[in-house]
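I opened this notebook to record what I looked up in one structure.

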Amino acid sequence: MAGRLKSGQQPADETRYCGLKCSLQTTQEYCRFALGRYAAIWAEAMLWATIAFVREELGLQRIYYHSEESGRLLKNIRGKLPPRSLYTDLPRKFCFVPTQETPEFLLRASGVGKAIRRSEGLSLFQLT
């Protein structure tokens with residue numbers, strides 16, 4: 001597997017990307033800079049990119065986004081939950097509307113479908 005160190009192998013002191021060679025320190029400094037600068041809009045940027053990909057590349061118009069409750073069920077999350085704003089502010093900013101409608105492909109999925117059918121009133125968000 002690329003990027004994985006073999007036993008006894010030392011990490012490289014430089015990185016390469018698209019023919020550009022940078023020191024590991026420069027790469028780490030850039031990552032800290034980029035993460036610090038874009039952390040405030042990261043969730044919005046990722047959701048926008050996802051919506052664009054799903055609509056433009058996959059050709060799907062109806063997009064579902066899980067709620068806090070349905071995300072916990074679908075992802076089988078038992079411990080610490082993601083930030084609540086992912087399920088409140090973010091869907092609202094992108095005009096997702098709450099829905100009780102569950103996509104057919106989820107209902108047909110073996111383990112997930114059963115769990116969804118047992119959870120009455122499970123809500124999702126929908127963008128059309």
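This is a predicted model: local features need pLDDT of at least 70, side-chain atom pairs count only at pLDDT 80 or more; totals for chains, interfaces and linings use all residues.

Residues are numbered from 1 along each chain as its sequence is written, and side-chain values use heavy atoms, with hydrogens and water left out.

**Core.** I looked up the largest nonpolar core and found eleven residues, among them L47, Y65, L90 and F125. Such a core is a set of buried Ala, Val, Leu, Ile, Met, Phe, Trp, Tyr and Cys residues joined through side-chain atoms within 4.5 Å; buried means under 20% relative accessible area with a 1.4 Å probe, protein chains only. With three residues, α2 gives the most to this core. I then checked L90, which touches A43, E44, L47, Y65 and S85, leaving aside residues up to four places away in sequence (contact means heavy atoms within 4.5 Å).

**Largest pocket.** I noted 18 lining residues, with I63, Y64, Y65, P103 and F105 nearest the centre. A pocket is an open set of points on a 1 Å grid over the protein atoms alone, where a 1.4 Å probe fits, with protein on both sides within 12 Å along at least five of seven lines; lining residues have an atom within 4 Å of a point. The lining divides into 14 nonpolar, two polar and two charged residues.

**Second largest pocket.** I found T15, R16 and Y30 among the residues that line the second largest pocket. Four residues, the largest share of this lining, come from α1.

How values were computed: Buried means under 20% relative accessible area, exposed over 50%, partly exposed in between (1.4 Å probe, protein chains only). Helices (H or I, at least four residues) and strands (E, at least two) are DSSP runs, numbered from the N terminus. Ala, Val, Leu, Ile, Met, Phe, Trp, Tyr, Cys and Pro count as nonpolar, Asp, Glu, Lys and Arg as charged, and the others, Gly among them, as polar.
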